[in-house]
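Trainee: I would like to learn how to read individual features in a model. Could we take them one at a time?

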Amino acid sequence: SMRIYGYVQFRYVANLRDNNVDDNELTQGFGFREVRLGARGSLMTMDLTYYLQAAFDSGDYRLTDVWLRYDLKDHIGPGWAVRFGSFKAPFLYEELSSAQKQMLSERSVVDSYFLQGRSQQIELQYKNDDIEAYLSFNDGWRNNLDWRMGDMWGITGRFGWLVMGSWKQHEDMQSWRGEGDPMLALGIAGHIQDGNPTYWFE
């Protein structure tokens, strides 16, 4: 199966400043914050799913996410799965949330500072009605879609506890009046990496 999707974030920016050059006090214009096109679906069985996403906002085409996920419910138990490919390491929840579900067009300063970015990895997942856990073995942060081999490695883990509400409520960052029961979730994450980012094989 295949489902094709896409979204666009369009905005106007004006920067007014006081300086010694009169012709350079105002910078303004329209721009595309994000332009994404992707596809998702299943391969041969519903237990094996895939996801592809490409970005066009920089003027050039580039892949951002490419991964396969296999549901292990028939092998280990319900809630277990393994995912491998290139995607965001399981660290900051704000960064893991889609740009479509953010409150503003930009993420926070904290996210910008600790941004984990995407990396090539294999990730073990577990999720039930109350908890979620992710453990990733990867080739370090900000190392997306670079297939050259090296000695950089990283381990990232995240654990979340849903105190009240539902995981569906947890997926976005908006909370409108009348949506129903309150939601509270707590989480903790960690990352370690080592190695020389200079590649020894091309």
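**Salt bridges and contacts**

Mentor: Start with Glu 132, which forms a salt bridge with Lys 127, the closest N and O atoms lying 3.9 Å apart. A salt bridge here is a side-chain nitrogen of Lys or Arg within 4 Å of a carboxyl oxygen of Asp or Glu. The model is predicted, so local features need pLDDT of at least 70 and side-chain atom pairs count only at pLDDT 80 or more, while totals for chains, interfaces and linings use all residues. Residues are numbered from 1 along each chain as its sequence is written, and side-chain values use heavy atoms, with hydrogens and water left out.

Trainee: Which side chain does Tyr 134 join in a polar contact?

Mentor: A polar contact is a pair of N or O atoms within 3.5 Å; within protein, one must be able to donate a hydrogen and the other to accept it, and residues adjacent in sequence count only if both atoms are side-chain atoms. The Tyr 134 side chain makes such a contact, at 3.0 Å, with the side chain of Glu 132. Tyr 134 lies in strand β7, residues 131–138; strands (E, at least two residues) and helices (H or I, at least four) are DSSP runs numbered from the N terminus.

Trainee: What else touches Tyr 134?

Mentor: Contact means heavy atoms within 4.5 Å. Leaving out residues up to four places away in sequence, Tyr 134 touches Pro 90, Glu 123, Leu 124, Gln 125, Lys 127, Thr 156, Gly 157 and Arg 158. By C-alpha position, Tyr 134 and Val 82 are 9.5 Å apart in space and 52 residues apart in sequence.

Trainee: How many salt bridges does the whole structure have?

Mentor: The search finds 7. One of them pairs Lys 73 with Asp 47, with 2.5 Å between the closest N and O atoms. That pair links distant parts of the chain, 26 residues apart: Lys 73 sits in the loop between β4 (62–71) and β5 (80–88), and Asp 47 in strand β3 (residues 45–55). Lys 73 is partly exposed at 39%, but Asp 47 is buried at 13%. Another bridge joins Glu 171 and Lys 168 at 3.7 Å; Glu 171 is partly exposed at 32%, and Lys 168 is exposed at 62%.

**Loops**

Trainee: Where is Met 44 found?

Mentor: Most residues other than glycine have a negative phi. Met 44, in the loop between β2 (26–43) and β3, has a positive phi of about 70° although it is not a glycine. Met 44 is exposed, with a relative accessible area of 86%.

Trainee: Which backbone oxygen does the side chain of Gln 116 reach?

Mentor: The Gln 116 side chain reaches the backbone oxygen of Ala 89, at 2.9 Å. Gln 116 is in the loop between α2 (109–114) and β6 (118–127), and with 0% relative accessibility Gln 116 counts as buried.

Definitions and conventions:
Buried means under 20% relative accessible area, exposed over 50%, partly exposed in between (1.4 Å probe, protein chains only).
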